[in-house]
Amino acid sequence: MKSLRKLFWLAIVAVVVMATSCEKFLDVDGYFDDTLKYDSIFTSRNNLERYLWGAAGELPDESAIFGNDVIPGETGTDEIFTLMTEGLFHGKALTLGLVSPSNLRGMNTWNPCYKVIRKANVIISRINECRDLTPLQRAELVGYAHFMRGYAYWQILQVHGPAVIIGDEVLDNNQDASYYERGRATYDETVDYICNELEEAAKYIPSEVPVNNFGRPTRGAAYGIIARVRLQAASPAFNGGAAARRYFGTWTRSTDGAYYVSQEYDENKWALAAAACQRVIDMKKYELHTMPRVVESGDVSEKTEPLPANVSDLDFPYGAGNIDPFKSYCNMFNGTTYPVQNKELIWGKKSGSIRDFTQQSFPIYMNGFNGMCIPQKAIDQFRMKNGKTIEQAKIDGEYSETGVARTQSVFSGYRLLRGTNNMYVNREWRFYACVGFNGCYWPGTSCSNNNFSQQTVYYYNGANAGSDKAIQEPRNRCITGYVLKKYIHPEDNWYNGDGSTRTDKTFAIIRYAEILLSYAEAVNHLTQSHTVKLASGETYTISRASNLADATFAVNQVRFRSGQPALSADELASEEALDEAIRHERFVEFFCEGRRFHDVRRWGILEEVESEPMTGMNVEADAANYYVRTIINHSDYRNRVCDKKMVFIPLERNEVRKSKSLDQNPGW
């Protein structure tokens with residue numbers, strides 16, 4: 001069956017490639033496949049479902065956040081720096097200024113998403129031709145077509161900006177060029193269309209899917225994506241104010257002079273976002289992933305560490321007393337928790353991309369590439385276990401970048417070795433889940449060869465993963481002294497042979513922690529009371545005064561899950577202070593999950609964060625001189641550029657040339 005399905009969709013792709021039309025994004029495939037005529041899609045439910053899910057499979061892979069990224073990934077942010085080729089890491093090409101309308105460097109959601117949109121339109125317009133569907137089956141398939149269409153427009157919006165909305169029209173490829181002359185909608189018009197599509201989808205798609213259909217969206221996924229879209233539309237870059245003026249103040253539609261991005265602030269957008277998040281919360285279907293605290297164990301290394309004195313020991317979600325913060329977080333990403341067991345997943349998928357790109361983090365001698373490097377700036381965002389910033393802890397004598405740990409510490413199956421530099425001691429549990437540092441222990445237990453498993457990895461010059469080991473391929477060196485370990489299971493090993501394997505990974509397209517933090521962010525920006533009625537019938541009256549306690553609880557749940565203290569009085573003292581706390585929490589909680597790229601853009605701080613010096617440890621030094629903050633000295637860093645036009649990826653020049661009404665993104 002798998003072979004047949006593969007051949008079936010390869011045939012579709014072949015036809016799409018051969019098809020011709022006036023515009024790529026309105027491409028029309030003339031046949032269903034080489035042997036099955038297009039009209040035959042609707043002769044049976046089986047054919048129709050194959051067509052629907054095949055079309056969904058053409059959407060860009062959101063889990064491709066490292067390499068082969070169509071949606072600009074981690075190497076386009078301040079979270080990851082790599083020396084690897086920009087031909088594979090497309091986000092890096094953007095930071096090097098190599099993207100242009102004539103070469104998008106692989107980051108093009110416009111063309112594939114319009115193919116998907118057209119196929120969804122075909123399904124919606126012709127589904128009544130399929131006679132072997134029950135009314136319930138017909139409604140569900142129409143619902144999925146609406147979801148697919150709305151989600152395709154969302155992928156266009158977040159990468160390229162405002163879309164050309166073609167509605168229900170099934171475009172014909174046998175028309176004069178004037179038939180395809182269409183202009184772009186505004187940003188807000190695109191947002192409303194996306195949300196309306198997802199609201200329509202939510203009426204008909206199921207609230208749960210069978211285990212064997214994991215990865216298909218549910219009603220919760222539709223509501224979750226609406227919440228994400230509404231939050232982005234409410235954010236400074238797209239909602240009037242200084243950021244919107246700086247990025248889009250001169251960008252108007254050529255046909256009527258309308259601003260593509262509104263230059264007038266509308267607080268009601270925050271209320272819409274808060275209500276959309278509240279709806280997901282009120283479903284009472286999702287909760288943060290937790291693992292139970294281990295107090296007694298035959299293996300002492302599995303015991304959970306005691307909580308700091310300032311972290312509530314009440315049971316979760318009112319504290320962290322009954323959970324293991326380290327495993328609660330890391331087991332979601334490294335393959336330990338099966339996706340169907342994870343109640344935090346609002347929508348997720350199995351990801352071969354995430355699994356395969358873990359090789360970029362492994363040292364060369366374990367058949368890795370040393371390439372997924374974390375800048376010091378990101379390391380510094382992880383706080384101490386008691387919630388203090390490293391600056392606060394340094395003043396209090398709790399943080400130092402000199403000296404080493406005198407004893408080994410084991411907790412929750414993690415091993416912090418004796419001799420570890422003090423800057424990596426007593427850090428919050430998410431730090432240990434995410435970061436591979438100098439002197440970090442790598443279990444790699446699927447490999448039976450002790451020379452390549454249960455390793456302590458060092459990055460100073462002359463060490464087992466040092467710069468001098470990259471003589472044959474200079475790019476295979478850890479240029480910052482840190483690598484990403486977030487998706488690496490203790491058994492994972494890339495050594496060739498001796499039983500080495502990698503566990504399957506699940507990528508969270510959207511998870512409940514995002515809904516909680518987004519809810520808090522939206523409520524925090526309200527200055528008056530708003531009553532919002534959603535399309536699904538719920539009505540919410542929301543204000544900062546009335547909902548601040550709920551917003552605080554939402555943030556605290558995320559903090560408690562990671563073993564951190566609740567929001568402090570200082571963090572709750574003002575809108576600005578709470579906003580800063582939420583932004584910090586998003587940086588750490590969603591570290592290397594693909595959200596940062598979009599967050600810094602919607603907040604209007606792209607140039608600010610990308611202009612900060614990129615530093616790491618002194619990887620060219622020996623062990624005695626390694627722990628010195630050092631600005632990266634490599635052309636890939638020196639040649640980095642940042643411009644406000646990089647909020648969006650441009651449209652392909654050929655697309656713009658084909659339609660006089662299709663305005664290019666500003667600055668391109």
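**Fold, strands and buried residues of a predicted protein chain**

The protein chain contains 21 helices and twelve strands, where helices (H or I, at least four residues) and strands (E, at least two) are DSSP runs numbered from the N terminus. Its radius of gyration is 25 Å, close to the 26 Å that the globule rule gives for 668 residues, so the chain is as compact as a globular protein of that length. The radius of gyration is taken over C-alpha atoms, and the globule rule is 2.2 Å times the number of residues to the power 0.38. The structure is a predicted model, in which local features need pLDDT of at least 70 and side-chain atom pairs count only at pLDDT 80 or more, while totals for chains, interfaces and linings use all residues. Residues are numbered from 1 along each chain as its sequence is written, and side-chain values use heavy atoms, with hydrogens and water left out.

Along its principal axes, the C-alpha trace of the protein chain spans about 75 × 60 × 50 Å. The accessible surface comes to about 25700 Å², of which 49% belongs to carbon and sulfur atoms; accessible areas come from the Shrake-Rupley method with a 1.4 Å probe, and for residues only the protein chains shown count as cover. Of the 668 residues, 60% are buried, a term that means under 20% relative accessible area, with exposed meaning over 50% and partly exposed in between (1.4 Å probe, protein chains only). Among contacts (heavy atoms within 4.5 Å) between residues at least 6 apart in sequence, 70% join residues at least 24 apart.

Helix 7 comprises the 16 residues 219–234, which should span 22 Å at 1.5 Å a residue; the end C-alpha atoms are 23 Å apart, which agrees. The expected span of a helix is 1.5 Å times one less than its number of residues. Helix 7 is mostly covered, with 15 of its 16 residues buried. For helix 15 (residues 512–524), the 13 residues should span 18 Å, and the 19 Å between the end C-alpha atoms agrees with this. Because 13 of the 13 residues of helix 15 are buried, this helix is largely enclosed by the rest of the structure.

The strands provide further examples of pairing, for which DSSP must find at least two bridges between two strands. Strand 1 (residues 345–350) runs antiparallel to strand 8, and five bridges join them. Within this pair, Gly348 stands opposite Ala508 in strand 8. Strand 8 is mostly covered, six of its six residues being buried. Strand 9 (residues 530–533) and strand 10 also pair in the antiparallel sense, over four bridges, and Val532 has Tyr540 in strand 10 as its bridge partner. These two strands form a hairpin with five residues between them, and Gly537 in the turn has a positive phi of about 110°. In strand 10 (residues 539–542), Tyr540 and Ile542 make up a covered face, whereas Thr539 and Thr541 make up an uncovered one.

Lys485 is placed in the loop between strand 7 (483–484) and strand 8 (506–511), and its relative accessible area is 9%, so Lys485 counts as buried. Leaving aside neighbours within four places in sequence, the residues in contact with Lys485 are Ala433, Cys434, Val435, Gly436, Cys440, Tyr441 and Trp442. Phe437 lies 48 residues from Lys485 in sequence, and their C-alpha atoms are 9.5 Å apart.

Asp78 occupies the loop between helix 2 (45–56) and helix 3 (90–95) and is buried, with a relative accessible area of 4%. Apart from residues up to four places away in sequence, Asp78 touches Pro375, Lys377, Ala378, Phe587, Arg596, Val609 and Glu610. By contrast, Asp78 and Ile156 are 78 residues apart along the chain, and 23 Å separates their C-alpha atoms. Glu197, located in helix 6 (residues 187–202), is also buried, with a relative accessible area of 7%. Its contacts beyond four places in sequence are with His146, Arg149 and Gly150.

The structure holds zero disulfides, a disulfide being a pair of cysteine sulfur atoms within 2.5 Å. The cysteine sulfur closest to that of Cys277 belongs to Cys195 and lies 11 Å away, too far for a bond. Cys277 has a relative accessible area of 0% and is therefore buried. Cys130 likewise counts as buried, at 0% relative accessibility.
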